[in-house]
Amino acid sequence: MSLPVPDPRAIALVTGASSGIGEELARGLAQRGHGVVLVARRQERLKALAAELSSAYGVRAEVIACDLTDSDGRGELADRIADLGLRVDILVNNAGFGLGGLFHRSDPEAQVMQLRVLCEAPVVLLRAFLPGMVERRSGAVINVASTAGMQPLPNSAGYGAAKAHLLSLSEAVHAEVKRFGVTVTALCPGPVFTELFNRQDHPVERVPRSLWLHPDKVAEAALKGAERGKRVVIPGGPIRVGSALMRLTPRALELRLLERMSR
Ligand SMILES: NC(=O)c1ccc[n+]([C@@H]2O[C@H](COP(=O)([O-])OP(=O)(O)OC[C@H]3O[C@@H](n4cnc5c(N)ncnc54)[C@H](OP(=O)(O)O)[C@@H]3O)[C@@H](O)[C@H]2O)c1
């Protein structure tokens, strides 16, 4: 198993490429010779990245500005890519944001928007591009989940539940399609230095800085994992050990600990 071989008629579609982990995943894919279609809302940032990637690596880099909460815009992505004469060999579902705080005090509309970006958009894009990969017996998907999806997460309940959905979906679909030469890799980082939590006082800020990773390291671990056809990638030794220990902890104790730590 490996990432598909770069082909001028094919691209890697990367959502949430305007910053953080998505930007670094796009950079790592371009460095490996893959053309990219960059998707997010902030078009100017995408254009600057596309210019950088095509001049540094000589790959085709296209920009599609799209709000992934908008079902019409999201639904048009497949046609817009086909109109460019391109097919999607690699799909990276990365776009996201995370709400923190007590669920019963949260903004209900924001909770729904979070689901749209973290659950609906990956489902729609996976369903749109996976059949072609299976038919060609070649393709790779990277779904950016999180260690937040490995257990219920008090004080980020909606975010943790959404990431659990993506993680479960990824693992099950990986099991379905790997015999067709297609892999689905769930990337599960712990805390990463990005813009994700800049906008609010999020409980993740309580995690010691020594456990945080930089987005380029996280992206490289994801791409190396995808090259090896891995089902789940958890970057960083201490986070990997921590999540393994958490899996051995009784659920009631785990919830009590997490609720205290994140309060
Ligand atoms: N940072 C962490 O600690 C961490 C840990 C585990 C998992 N993750 C996951 O990693 C992924 C990337 O996050 P990041 O940490 O790199 O944060 P980031 O720098 O804030 O990047 C988030 C990306 O998602 C895009 N996005 C958000 N809402 C969107 C929408 N409605 N439509 C289209 N694009 C949208 C943003 O672009 P625009 O604003 O331009 O639209 C941006 O490119 C997320 O799924 C996140 O849950 C992050």
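Leaving aside its neighbours within four places in sequence, with which residues is Val204 in contact?

Reply: The model is a predicted one, and what follows should be read accordingly. Once neighbours within four places in sequence are set aside, Val204 is in contact with Pro191 and Phe197. Val204 itself belongs to the loop that runs between E6 and helix H7 (215–227). Val204 counts as buried because 20 C-beta neighbours lie inside 10 Å, and a residue is buried if 20 or more other C-beta atoms lie within that distance of its own.

Strand E6 (residues 182–187) is mostly covered, with six of its six residues buried. In a regular strand, side chains alternate between the two faces of the sheet. Both faces of E6 are covered: Val182, Val184 and Ala186 are buried on one side, and Thr183, Thr185 and Leu187 are buried on the other.

E6 has a partner strand in E5 (residues 139–144), to which six bridges join it, the two running parallel. Within this pairing, Val184 of E6 is the bridge partner of Val141. E5, helix H6 (residues 157–177) and E6 together make a right-handed β-α-β unit. E6 also pairs with strand E7 (residues 232–233), again in the parallel sense, over two bridges. Here Ala186 has Val232 in E7 as its bridge partner.

These pairings belong to a wider arrangement. Seven strands form an open sheet with parallel pairing, in the order E3-E2-E1-E4-E5-E6-E7. Strand E3 (61–65) and E7 stand at the edges with a single partner strand each, so one side of each is left without a neighbour in the sheet. Elsewhere in the sheet, strand E1 (residues 10–15) and strand E2 (residues 35–40) pair in the parallel sense over five bridges, and the bridge partner of Leu13 in E2 is Val37.

Two further loop residues bear on E5. Asn155 lies in the loop between E5 and H6, and its phi is near 70 degrees, a positive value in a residue other than glycine. Asn155 counts as buried because 20 C-beta neighbours lie inside 10 Å. Arg137, in the loop between helix H5 (108–136) and E5, likewise has a positive phi, near 60 degrees, and is a residue other than glycine. Arg137, however, counts as exposed, because 10 C-beta neighbours lie inside 10 Å.

H8 is hardly covered, the count of buried residues among its 12 residues being zero.

How values were computed. Residues numbered from 1 in each chain as written. Predicted model: local features only at pLDDT ≥ 70, side-chain atom pairs only at ≥ 80, totals over all residues. Helix = DSSP H or I, 4+ residues; strand = E, 2+ residues; numbered from the N terminus. Pairing = 2+ DSSP bridges. Right-handed = clockwise from strand over helix to strand, strands pointing away. Contact = placed C-beta atoms within 7 Å.
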